[in-house]
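This report begins with a pocket and its lining, and then turns to the chain as a whole.

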Amino acid sequence: MQNTQINLLDYLRARTQVDLDTFDVTGMGFPMILRAVLNKAIELAASLHQQYPTVVREELTIEIGAILLAIEVRPFVTGNIHLMVNPNYAYYQRKTVEAAKNFDPSRLVLKVAATWEGLQACRELRYSRIQTLATTLFTMEQAILAGEAGCVSISPFVHELKAIFEPSYNDADPLLPLCVQAQQWYRQELLPTKVKACATIGLDEILQLAGVAAFTLVPDDLKLLQSSHKEVDEVQSLSLFQDREVMQDKLAYPCYINDEAGYRLAFARVEEGRAQLKLGQAINIFCDFQTKAEQLVRDATRA
């Protein structure tokens, strides 16, 4: 009997929520929208800067621009819109909280770096009904703290962020099992936090994670999935979530939410310190993007 082929995007969507990570919305006239948003943000930042004296004008412009852009794209997007808090605040709890409270919380999820300070900020923001996602996440220790802090979701990076931007960089240890383990932990502890996998490389890794709660994919991966077909049995056998409805051996981890020293020690020991390096590397890359965005604002202001 001949096996049936299935479309890979249809298969993934049947098992996992698929989210898009892109600025490629040219069909919406995005270049014109971006220019209009930038000009309006520069104008508003100039008039509001006195109310935020501790924030440099370029940073304020970017924050305002993010809000305006979210308003522009909201009619075209189903579900929530994700915005990242300034990555330069990754190790500042108070600054993260203050920045987050400038946003309208409706349909918005703020992406916060999964540092101790960032996750404690998420804990505080939960009481203000502000939804957060823990990003730059590489370990179960971060996943546990994020769940305890009340994050609505986490983004485990399957690969080091450097591997995504530098194809020649070899990351030989993808963290596929982390997604499975974190999802099992949340279900075991009855926590509502969702696992939203990201930073995969290639079709095989995507198919191995079919069954994860959510998946953030770039347009090229979506197009590849949409144009690809495989045999049903072959595809289903690849998933690491074969027994996702069956509780495996119970996971045992300590509580970290009120134990800063215990958390920092446990996190520092993961992979003999490599997890700390991955986290620092990812934050550094995002900070570089922030710096480039602020320079773009300076250039536009002088023009």
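Among the 17 residues that line the second largest pocket, Tyr 52, Val 55, Tyr 89, Ala 99 and Asn 102 lie nearest its centre. On a 1 Å grid over the protein atoms alone, a pocket is an open set of points with protein on both sides within 12 Å along at least five of seven lines, and lining residues have an atom within 4 Å of a point. The model is predicted, and local features need pLDDT of at least 70, side-chain atom pairs count only at pLDDT 80 or more, while totals for chains, interfaces and linings use all residues. Residues are numbered from 1 along each chain as its sequence is written, and side-chain values use heavy atoms, with hydrogens and water left out.

Helix H3 (57–73) and helix H4 (93–100) each supply at least two residues of this lining, and H3 gives the most, with six residues; helices here are DSSP runs (H or I) of at least four residues, numbered from the N terminus.

The lining divides by residue class as follows.

| Class | Residues in the lining |
|---|---|
| Nonpolar (Ala, Val, Leu, Ile, Met, Phe, Trp, Tyr, Cys, Pro) | 11 residues |
| Polar (the others, Gly among them) | two residues |

For the protein chain of 303 residues, 47% count as buried, that is, under 20% relative accessible area with a 1.4 Å probe, protein chains only. Along its principal axes the C-alpha trace spans about 70 × 50 × 40 Å.

Key. 1 Å grid on protein atoms, 1.4 Å probe; cavity = no way out; pocket = protein on both sides within 12 Å on 5 of 7 lines; lining within 4 Å. Buried < 20%, exposed > 50% of the residue type's maximum accessible area, 1.4 Å probe, protein only.
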